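Work through these exercises with the sequence and the model side by side. Each task is followed by a stepwise solution.

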Amino acid sequence: MIRLFGVRVRLSPLFLIVILFAYFGHVLDQVAILFAVVIAHEIGHIFAAHRFGIKTESIELLPFGGVAVMRGRLGFDVREETLIAAAGPFVNLLFVIATLPLRASGVLSEAWTNSFVSINLSIALFNLLPALPLDGGRIARAGLALTRGYHSATKVVTRVSFLVAVVLMGIGGISLVLGYADLGIFALGLFLLYSAFSLHRQSRYETLRFLDALRHQQMATPRPIRSMLAQEDMKLGDVASQFSPGAYHVIYVQSTYPKEPRPVTQDEILDAIFESSGWTLPLRALLS
Ligand SMILES: [Zn+2]
């Protein structure tokens, strides 16, 4: 077990397999560069998260990046989420830029520079694919969550993740048929497919986690109010599923009598969901 700035770092079995293959294929030096680049990418995330007061508990290192477990308001503030997610690929980009003058002045060899640059670019580009749990998927979800709500944004990005996974596996499959077997791409697709399935299975839990964070968020700065209009028989869970990060929600409930919509606040809805198991209760239950 490695510790990095107090963060537990675990090597995934997939990385161990890559190291084993590299050992027998005599390309251990390439894997050492890959390992260092992946660690640097993760340090980018850890530092950005730390700046926003979010603690990274552990990281599982995969051959193409890491999956971090962070504690705190993650996914909750669109700006923070975007900056934390972008920090990893940003480090790779900085590495590429820093390498160029060193290569030009002859400090680095051409072969070394080529493999270092291509490893950095592939790690950055792969992680920017709009699939969860990759950085690109997190940025896409954060952006979509502003207008569609967190739950719906997660669902959309999960669907895109399935698509990206199938495309990568397809490319891997075609490469196999054409005789230059790119099993790496196939494995990446498989990893994304597995991630998309587990995300799909945990989607309700993920939404509850977000709603719980929304419920406990401190009002440090003024927040915009997002108002919605809903029918009185709409379930509290369905309403809360449309809540967005960074906003305070007021729902105007429409009933047959009286005709004027009456306001119900986000707090009333979330309290009912978490304290009285009110996920399936109709909005009507909150009207006095
Ligand atoms: Zn990343």
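Predicted model: local features only at pLDDT ≥ 70, side-chain atom pairs only at ≥ 80, totals over all residues.

**Exercise 1. The metal site**

Which protein atoms are the donors of the zinc ion, and how far from it do they lie?

- Step 1. List the donors: His41 (NE2), His45 (NE2), Asp135 (OD) and Asp135 (OD). They lie 2.1 to 2.6 Å from the zinc ion.
- Step 2. Read the spacing of the donor residues in sequence: H-x3-H-x89-D.
- Step 3. Place the residues. His41 belongs to helix α2 (residues 28-51) and Asp135 to helix α5 (residues 135-148), so this pair ties together parts 94 residues apart in sequence.
- Step 4. Check burial. His41 and Asp135 are both buried.

**Exercise 2. The geometry of the site**

Solution. 
- Step 1. Take the angles among the 4 donor atoms: they run from 55 to 149 degrees.
- Step 2. Apply the cut-off: a tetrahedral site needs all angles between 85 and 135 degrees.
- Step 3. State the class: the site of the zinc ion is irregular.

**Exercise 3. Two helix pairs**

Describe how α2 packs on α3, then how α8 crosses α10.

Solution. Two packed helices are described by the angle between their axes and the distance between those axes.
- Step 1. For α2 and helix α3 (residues 78-104), the angle is about 140 degrees and the axes are 7 Å apart. That makes α2 oblique to α3. Their crossing is right-handed.
- Step 2. For helix α8 (residues 203-216) and helix α10 (residues 266-275), the axes come within 10 Å and cross at roughly 125 degrees. That makes α8 oblique to α10. The crossing of α8 and α10 is left-handed.

**Exercise 4. Annotation against model**

Which residues does UniProt list as "transmembrane region", and what does the model show over two of these spans?

Solution. 
- Step 1. The unreviewed UniProt entry lists residues 83-104, 116-135, 156-177 and 183-200.
- Step 2. Residues 116-135 are 65% helix and 0% strand. The end C-alpha atoms of this span lie 21 Å apart.
- Step 3. Residues 156-177 are 100% helix and 0% strand. Here the end C-alpha atoms lie 32 Å apart.
- Step 4. The unreviewed UniProt entry gives "domain: Peptidase M50" for residues 32-99 and 114-168. Over residues 114-168 the chain is 85% helix and 0% strand, with end C-alpha atoms 24 Å apart.

**Exercise 5. Backbone details**

Where are the cis peptide bonds from Leu132 and Tyr257, and what is the phi of Ser277?

Solution. 
- Step 1. Leu132 and Pro133 are joined by a cis peptide bond, with omega about 5 degrees. Pro133 sits in the loop between α4 (110-127) and α5.
- Step 2. The bond from Tyr257 to Pro258 is cis, with omega near -10 degrees. Pro258 sits in the loop between β6 (248-254) and β7 (262-265).
- Step 3. Phi of Ser277 is near 45 degrees, a positive value in a residue other than glycine. Ser277 is in the segment after α10. Ser277 is exposed, with a relative accessible area of 63%.

**Exercise 6. The whole chain**

How many helices and strands does the chain hold, and what are the spans of its C-alpha trace?

Solution. 
- Step 1. The chain has 10 helices and 7 strands.
- Step 2. Along its principal axes, the C-alpha trace spans about 80 × 45 × 35 Å.
- Step 3. Of the 288 residues in the chain, 44% are buried.

Notes:
Residues numbered from 1 in each chain as written. Heavy atoms only, no water. UniProt positions renumbered as here; feature names shortened; annotations may be inferred. Helix = DSSP H or I, 4+ residues; strand = E, 2+ residues; numbered from the N terminus. Donors = N, O, S within 2.8 Å, 3.2 Å for Na, K, Ca; no water. Tetrahedral: all angles 85-135°; square planar, octahedral: opposite > 155°, others 65-115°. Buried < 20%, exposed > 50% of the residue type's maximum accessible area, 1.4 Å probe, protein only. Axes fitted to C-alpha atoms, helices over the stretch in contact; angles between N-to-C directions. Parallel < 35°, antiparallel > 145°, perpendicular 65-115°, else oblique. Left-handed = near helix turned anticlockwise from the far one by under 90°.
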